[in-house]
Amino acid sequence: VSLLRLPILIHGLTRWDKTLMPESDVEARLARVREAMRDRGLDALWSYSNMEHDGNIAYLTNFRPFDPRMPGLALVTADNLEAVLKVSKRDLAFILTHIWSPAEPSDFLSDEFPGQVAAAIERCGLKGKRIGFSGRAMMPPALEPKIMALFPQGVTEVDGMIEGLRRHKSAPERELLRMAAERAEGVLREATAFAAAGRSEHELMAYADYVARKAGALDVDILMHAGFERMPPAGELEQLPFRPASERLLSAREQLGVYVALQFEGYWAEASDSIYVGGASLAERDAHDRCAAAFETLCGNLGQKHRAGAVSSWVHGLGLERDELPLSSAGQAAAQNGDLLAAHVAFESDGARAFYGRTIECTAGRGVLLSPALQSA
Amino acid sequence: MPVDDMLATTSARVDRAELDLRHAAIRASMSIDGVDLLLIYSSPLRNFDIHYAAHYDLIGRGAVLALPIAGEPVLYIGEEWDLERARRTSPLADVRFEPDFATLCGTLLRTRNSAITALEWNSSAFAGRVRAVAGGDVRDGTATLERAARRKTPVEQALIREASALADMSFLHAFETVVPGMPEFELQAEMEYAMRKNGAIDNFGLFSARKHNNAINFVTDKPIEDGDLLIFEITPARLNRNNSAQLCRTISMGPARPAVREKIAILAEAQDAGLAACKAGTPASEVVDAQNAVIAKHGFGEYCVPPYMRARGHGFGIGRQELSSANKRPLEAGMALVVHPNQYFPDVGYLAMGEMIIVTETGYERLCTLDRKVYEKT
């Protein structure tokens with residue numbers, strides 16, 4: 001399952017707050033990258049990222065491609081870190097205020113990108129060196145051969161190396177994820193209070209988006225599920241039926257699922273819950289209680305092969321991307337202590353539906369909420 | 001099939017008749033290029049092609065529309081759980097789930113005279129698999145689709161007019177709402193909300209507040225201060241980014257300095273000149289030249305190059321037209337463009353001025369309703 005939707009432009013609060021992500025943590029992170037390079041016998045590492053999968057370049061440089069036309073390549077050597085970014089000179093001046101590496105611009109309307117990479121290879125003396133490359137398969141078909149031609153001696157493909165390092169979150173990263181989760185929780189709470197008969201799903205989405213942006217979100221995605229729509233089959237691990245808001249007006253009595261993905265200082269948190277417009281019936285309260293209990297059970301069984309029985313569920317890693325290691329639900333069994341995860345549960349009984357999902361940390365084999373949850377829908 | 005998720009604020013409906021109109025344009029373009037089957041592919045990085053051709057709001061892995069030169073098109077989506085919504089919202093009769101786009105596309109591309117769009121917006125790995133299944137090189141149909149989409153249909157034009165009204169409203173809301181001490185990102189949130197609650201689905205939004213701006217950038221937590229110049233690119237989209245409209249304007253926190261008023265007057269003159277050049281048949285470059293000539297006349301010709309400006313205008317989403325000196329392609333009636341002489345001046349910094357138009361046979365329709373001035377918050 002993928003709920004991914006890319007915005008036209010990521011344009012929320014953009015900064016590097018060094019009180020939240022200290023330079024010492026960045027240095028420690030780069031030291032781990034270099035150690036992984038040494039383990040693989042690499043002299044240099046090139047990493048390609050685009051807007052759809054931007055976690056690696058964000059991890060290495062704090063650059064987040066904000067436009068689908070603007071990918072980037074980061075270069076790490078034993079004593080150097082730099083990037084070639086497909087952005088205009090004008091944009092680069094701003095980008096340099098919040099990334100932690102030097103960077104060369106390569107105008108996104110030009111075809112200069114391979115030339116810029118070639119210049120970096122020359123400048124850094126990388127000819128004939130052992131080069132690692134991540135993200136090769138992600139490059140567009142016209143770009144990939146041009147970039148690869150710059151490495152006539154070949155490259156060692158190291159897809160998964162940085163992703164593996166990203167899985168182990170530092171204390172500042174955990175705090176940023178906690179802050180993101182707290183904000184997602186606030187968005188759910190405000191959205192629940194705002195939802196009312198006669199308001200449209202679109203208005204509700206707009207308000208939730210507003211709450212998130214006022215709280216400093218870099219990006220946000222609000223999705224919904226109405227009571228008349230198909231629920232996933234019980235026991236299903238990868239069917240979470242949230243979709244973009246429509247202009248349908250909310251009725252006086254209805255159950256609505258709401259999913260919030262919120263990015264704060266680069267880090268994504270998720271939350272989902274049910275809103276019962278006009279108040280929950282006894283059956284709906286019971287459904288929500290059972291859904292929350294199933295969520296607890298799911299959290300208690302992280303690390304084990306577990307099918308959730310009467311509920312459907314979705315668990316996946318979170319961090320600089322919305323879907324990180326351990327990847328989705330088949331990987332519910334693969335959660336390890338220290339993993340930061342989104343866990344969502346959907347439940348239906350006799351027409352009463354409930355959703356419950358939060359950002360959790362895997363501790364001693366079970367999932368623990370990163371932010372105090374709403375006590376009731 | 002009724003379409004039940006259109007926004008209430010619009011009188012425009014993307015129904016089967018509208019899609020038939022778009023498909024007729026695409027098929028005319030296919031005829032020119034000798035294409036009998038066009039696969040219109042959208043990945044998350046370029047979601048707007050499928051929205052134009054199938055009215056499907058992409059979520060997840062991707063979607064493809066198989067459009068034959070004659071006969072029923074088929075929409076394939078990549079998320080099985082979303083099939084119910086796709087069938088409800090797309091006016092097309094045949095909507096299917098497809099778990100393996102590379103095999104599907106490769107297989108369909110074995111058809112004689114077939115082509116696929118936007119493969120360049122996908123990964124080389126995906127493109128390689130498509131080619132392997134197709135049995136060799138595949139034909140790029142992007143230009144075929146783009147040619148068809150350059151002229152907006154009446155429904156698209158109506159949506160773009162609504163987007164332009166949202167941009168105007170959002171700017172006036174910002175002008176009314178802004179107070180010293182408010183961080184940039186909070187004002188951006190206010191503007192976003194004003195647009196979204198009235199029907200925008202997203203916004204290409206840039207906004208900076210400095211006493212001397214070097215460019216328009218993304219919002220930070222910098223507090224807005226007296227004496228700041230607030231420069232905006234506001235670009236709400238209706239239903240999809242294809243139906244975007246952009247407004248560029250400048251607010252002065254407090255009375256504007258004479259030098260700012262003088263430079264804004266230059267930009268207003270450049271805006272006038274640029275728009276005066278707009279009509280069907282005019283090469284895009286002439287709209288650029290007209291704007292630059294005014295700025296040069298006032299002694300700032302050396303600044304009419306990057307990084308002191310970025311572009312003199314463009315379209316949005318599918319069928320995007322660039323207003324650049326290198327683009328000699330004639331404007332066409334029905335094109336929707338922002339014309340913006342946004343410009344850096346050495347004494348006052350970067351100032352914003354730009355408006356959305358629809359090109360007509362004899363000129364243009366101005367969508368912006370705002371004055372061409374620096375808005376002074378006193």
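**A walk along the A/B interface**

Over all chains, the structure holds 69 salt bridges (a side-chain nitrogen of Lys or Arg within 4 Å of a carboxyl oxygen of Asp or Glu). Before you click on anything, note that this is a predicted model: local features need pLDDT of at least 70, side-chain atom pairs count only at pLDDT 80 or more, and totals for chains, interfaces and linings use all residues. Residues are numbered from 1 along each chain as its sequence is written, chains are lettered from A and ligands numbered from 1 in the order in which they are written, and side-chain values use heavy atoms, with hydrogens and water left out.

Start by selecting A:D107 and B:R310: their side chains meet in a salt bridge, 2.8 Å from N to O. This pair crosses between chains, with A:D107 in the loop between β4 (103-105) and α4 (113-123) of chain A, and B:R310 in the loop between α10 (284-297) and β11 (313-314) of chain B. (Helices, H or I of at least four residues, and strands, E of at least two, are DSSP runs numbered from the N terminus.)

Next, colour the two chains separately. Here 62 residues of chain A are in contact with 60 residues of chain B, contact meaning heavy atoms within 4.5 Å. About 5100 Å² is buried between them, 61% of it from carbon and sulfur atoms; that is the accessible area (1.4 Å probe) the two parts lose on being put together, summed over both. On the chain A side, select A:I8, A:H11 and A:R90, which lose the most area to chain B, together 17% of what that side buries.

How many salt bridges are there between chain A and chain B? The count is eight. For one of them, pick A:K214 and B:E186, whose closest N and O atoms are 3.7 Å apart. In chain A, α3 (89-95) and α8 each supply at least two residues of the side that touches chain B, and α8(A) gives the largest share, nine residues.
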